[in-house]
Amino acid sequence: MISDAMFWGVTVLLGIGTFLIRFSFMGFLGNRRMPEWLMLHLRYVAVGVFPALITPLVLWPDATGGQIDAAHLLGAAAAVAAGLWFSVAGAIFAGMGTLYAVQYLQSAF
Amino acid sequence: MRPEQTRSRHARAAYWRGLRDCVPFIIIIVPYSMLFGVVARDAGLNLLEAMSMSVIVIAGASQFTAVALMQEHAPVFIVLLAALAVNARMAMYSAALQPHVGRAPIRLRAIMAYLMVDQAFALSIREYDDHPEMRLREKLAYYFGVITPACGAWYAFTFLGAVLGRAVPPELSLHFAVPVCFIALVAPMMKSLPHVVAAFVSILSAVLFADLPYNAALVVAALLAMIAGARCEVWLARRRVMA
């Protein structure tokens, strides 16, 4: 059981902490110009964060108990291809479709 | 038409574009938020508590971490440290968005910060980079367009999961929609050599540092990738000057 004090303490502090992390640069710096070297690095935030976020979900999915699995690898490859040439929706169809197809083949043989 | 009218029309169009761009991502928000509702109830939290957490924090991965550690009776300090570490990446989102929206009134920036989920950052930064001519009002409108379905679905489906006590069946493998959606977002960003190098370093570091505690691999990988991308850009520029 989680005690009331524990729950509300953690929730409120986590809420405040998370807000401050999100607010940080955007909020406190306001309209000030960041130094050029920092701006240079900030151009690569998205391509720096998301591949690292994706990698463990593809290589060691919880659903397989963290085992490397062909269906997930091939699904991710299909999503990359569709994402490069089509749209978000296209990548979702390609990725999920490939996953289902390979999972079906794995269970059939 | 007066310029004022044109501007508000552009802002309205940007809002709807953001909303539309976010719609495919509902496929990952629905199972994830329902699962949180279910996990929270299983942990003995009531409906009000489950909802409060989703509304106060709105950061899925850190909510799961916090609930799991509270169930194990970890000390408050450890629960907070672990859950906040999961959200550390958002400081980088905040920094990357600052040059675009730093001129907005502080009240709006506070609301944007509160609602800053991964999709909001990823879709907005892509839109801003692709359309440097966008005005502040349009940038803000686009962001709030993305947020509308993302956070709406997050609240609504946490509620549904907590009330029904049932998540989307695991046989549907919707867990895989999470990496797939983010792949779909990142793939079109591979538009220059430095971007490709950064993504490659990010993947490699995520594997190399996978065993670091407190989700540190993500932050380390992102920082190394940013340095790699920046160095590569500088190197390319120098080579161009010399040639």
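Two residues are in contact here if their C-beta atoms, placed from the backbone, lie within 7 Å. What you're looking at is a predicted model, where local features need pLDDT of at least 70, side-chain atom pairs count only at pLDDT 80 or more, and totals for chains, interfaces and linings use all residues. Residues are numbered from 1 along each chain as its sequence is written, while chains are lettered from A and ligands numbered from 1 in the order in which they are written.

**View 1. Where chain B meets chain A.** Chain B brings 82 residues to this contact and chain A brings 63 residues. On the side of chain B that touches chain A, helix 6 (residues 89-101) of chain B gives the most, with 12 residues. Helices here are DSSP runs (H or I, at least four residues) and strands are runs of E (at least two), numbered from the N terminus. By class, that side of chain B splits into 63 nonpolar, 14 polar and 5 charged residues. Nonpolar covers Ala, Val, Leu, Ile, Met, Phe, Trp, Tyr, Cys and Pro; charged covers Asp, Glu, Lys and Arg; the others, Gly among them, are polar.

**View 2. The two domains of chain B.** Chain B is assigned domain 1 (3-173) and domain 2 (190-243), with bounds from an automatic or database domain assignment. Their C-alpha centres lie 26 Å apart. Domain 1 puts 7 residues into the contact and domain 2 puts in 6 residues. On the domain 1 side, helix 5 (76-86) and helix 6 of chain B each supply at least two residues, and helix 5 has the largest share, 4 residues. That domain 1 side has 6 nonpolar, no polar and 1 charged residues.

**View 3. Inside the largest nonpolar core.** This core has 118 residues, and those with the most contacts inside it are B:Ala150, B:Cys181, B:Ile183 and B:Ala225. A core is a set of buried Ala, Val, Leu, Ile, Met, Phe, Trp, Tyr and Cys residues joined through C-beta atoms within 7 Å; buried means 20 or more other C-beta atoms within 10 Å of a residue's own. Leaving aside neighbours within four places in sequence, B:Ala225 is in contact with residues of both chains, including A:Tyr44, A:Val47, B:Ala198 and B:Ser205.

**View 4. Chain A by itself.** Chain A has 5 helices and 0 strands. Of its 109 residues, 42% count as buried. The C-alpha atoms of chain A fill a box of roughly 55 × 50 × 25 Å along the principal axes.

Terms used:
A residue is buried if 20 or more other C-beta atoms lie within 10 Å of its own, exposed if 12 or fewer, and partly exposed in between; C-beta atoms are placed from the backbone.
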